[in-house]
Number of protein chains: 2
Amino acid sequence: MRVLLAGYAADRYIWQHRYIAKTIEQKVLQMNKAPTIAHDNAPSLTPLVTLLADDMEQVNAQIVARMASDVPLVPELAGHLIAAGGKRLRPLLTLAGARLAGGSPHAIGLATAVEFIHSATLLHDDVIDESKLRRGHDTANALWGNDASVLVGDFLFARAFELMVETDSLSVLGRLSNASARITEGEIKQMTIAGVADTPAADYFDVIRNKTAILFAAAIAAGAEVAGADKAVIEATHDYGLQLGMAFQIMDDAMDYSQSSAAMGKNSGDDFLDQKITLPMILAYGDGDEAERNFWHKTMRDGDFADGDFDKAHSILQRHNAIERSIAEAVTYASAAEATMQRIAEQSKADPALLEALCEAARFAAHRQT
Amino acid sequence: MRVLLAGYAADRYIWQHRYIAKTIEQKVLQMNKAPTIAHDNAPSLTPLVTLLADDMEQVNAQIVARMASDVPLVPELAGHLIAAGGKRLRPLLTLAGARLAGGSPHAIGLATAVEFIHSATLLHDDVIDESKLRRGHDTANALWGNDASVLVGDFLFARAFELMVETDSLSVLGRLSNASARITEGEIKQMTIAGVADTPAADYFDVIRNKTAILFAAAIAAGAEVAGADKAVIEATHDYGLQLGMAFQIMDDAMDYSQSSAAMGKNSGDDFLDQKITLPMILAYGDGDEAERNFWHKTMRDGDFADGDFDKAHSILQRHNAIERSIAEAVTYASAAEATMQRIAEQSKADPALLEALCEAARFAAHRQT
């Protein structure tokens, strides 16, 4: 900080203010207006995005309105992250959960809160992972420094709770504060197993359940709850979100080792270089011979990376079919999510198109290319 | 992270687990049992601490109980910070606020939440300031690394909101989530003015109001509110907390330049080396000649520090009486806080000893040596 801030307050700050801030509001407001993904016959989020487009436009307006601050750096940095895009799957789930139960005037604010919680975790994740790219753009920490990313993450998290207070539902607040605590527990556990090549798969599933799936679950269940859904429906949406979130994260981890990982807009092979233990590596380690295990210890445990090591890792994974087997796990979770949603559909008076869109979103989680 | 975690997961983690974790619970449980400060006739927190000792013992037990996690690093790191001590002034204020209004079964949990919010900000502050010492102990980030401090801070923040949900008061949640957002705005603004030697005093007061005073205000007002105090009393306690918090932070900043700063258990001259703009420097800059202003630009703006520069800064401050004038500002705020509490006392049926203890706490804020 000592060296950074002298320059920071002068050149850097002014530069960023001029060149970045102006376009943020427009970018955020235009998001989710066009279908995000469209492959031939492949499962897609487009039906869900299309059905909820009007609500999502209001969420985008709230995102802009509620990241406002007298301190200009707050909306600049937060806006940079939020304008960079992403699928906005979590707020979509909140809106969908509310609409399943007949809708609620509080759904927009709640979905905004959910996106702010997610954005806060992304800002802190990028600090921790020292990531320089997210979704093909420079990360906030690369542009503004770690200190700003930590603090603006904190701001978004606090603002999320202010938004949730406005929903007038203590139960929703309890659900999302518990989810927030579990996210950090997942992240911390992920950190403590980093480099431990013989981590059991159960620990990996525990990590991703907390760090990722629980927020998907809380997002849709809170939406249903704020709209006054029955307890059984709330619980079922929670299960759907959890299963979808597991599928989503397992795919994310599998894609980090796939050859098409460049298409994600992330640095290819990030998890490998970050010594992050994920399912493909766990499966390959479990089936590996001594030489392969030594390779994982050299890289994952010791952080000793040579040129070509990522390609070597990739070929070991292929030898054990580890990426495909990981994707099969994702498909299993996605199928469970779809089955859960079909059970909800049987008892629901909600728009059948919405229910089908949620089923397709589950399939998308395990079939996505991005 | 890449280099750190390979070693982290093995040696470092085990070492810390063995040597640190065992004693944390005992340390936390024993805190605040003995008077914290006792100078001859000097204002002290002892009367407040003594009056609230039974409640505070329950708060300490809750702190231990609620920082529990299946992920061992969470209670270890959080416990290290919390066991290191501090005055626990914020939860004391929450307990006092509740007792002013006749008490509440929710006061203990709320005070625990307030301490967790404060602890979360300390963990993140130490990351941002790159501090190695706090209260004479190694900081958590020095022992466990920045990543762990960021995440455990997030955990404590989320857990604070879980605790607040249990108070069943949306209004209290609104008060403390708003305070949390303002804390981060204060910290961010502090960061953006770092190194800017000609910062107006008004900006400094704005920073400390947000980053420090607002949590003191919310702590005592939330205590009063959860115990069902009248709106006028809640507002008056808020004012008292705000004024006390201003005095407290101005003293903190003045002491960082005083010769007795070593007694604080902080690295002496931290603010100077961190290029942090505080009141003594603002006052000295305002009255300084060109050579002095150039010195502040060289150090504060450019981060160009030579041996002896802290002594030089200190002697410039003395020439302009800047430390004493800062302390005079603190005394003004402390007197305002005391006057506010006296107005509450005139209309209150609360224990006169408690009201007097709160008046003394205000005087303490501007006269403390630690």
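Student: What makes helix 6 of chain B mostly covered, and which of its residues are buried?

Tutor: In this predicted model, 11 of the 12 residues of helix 6 of chain B are buried, where buried means under 20% relative accessible area, exposed over 50%, and partly exposed in between (1.4 Å probe, protein chains only). The buried residues include Leu89(B), Arg90(B), Pro91(B), Gly97(B) and Leu100(B). Residues are numbered from 1 along each chain as its sequence is written, and local features need pLDDT of at least 70.

Student: How do you know that the span of helix 6 of chain B is close to the expected one?

Tutor: The expected span is 1.5 Å times one less than the number of residues, and helix 6 (residues 89-100), a DSSP run (H or I, at least four residues), reaches 16 Å from first to last C-alpha, close to the 16 Å expected. Just after helix 6 of chain B, Gly102(B) takes a positive phi of about 95 degrees.

Student: What is the area buried between chain B and chain A?

Tutor: The buried area, that is, the accessible area (1.4 Å probe) that two parts lose on being put together, summed over both, is about 4900 Å² here, and carbon and sulfur atoms give 70% of that area.

Student: How many salt bridges does the rule find across the interface of chain B and chain A?

Tutor: The rule asks for a side-chain nitrogen of Lys or Arg within 4 Å of a carboxyl oxygen of Asp or Glu, and across the interface of chain B and chain A it finds zero salt bridges.

Methods
Chains lettered and ligands numbered in written order. Predicted model: local features only at pLDDT ≥ 70, side-chain atom pairs only at ≥ 80, totals over all residues. Heavy atoms only, no water. Helix = DSSP H or I, 4+ residues; strand = E, 2+ residues; numbered from the N terminus.
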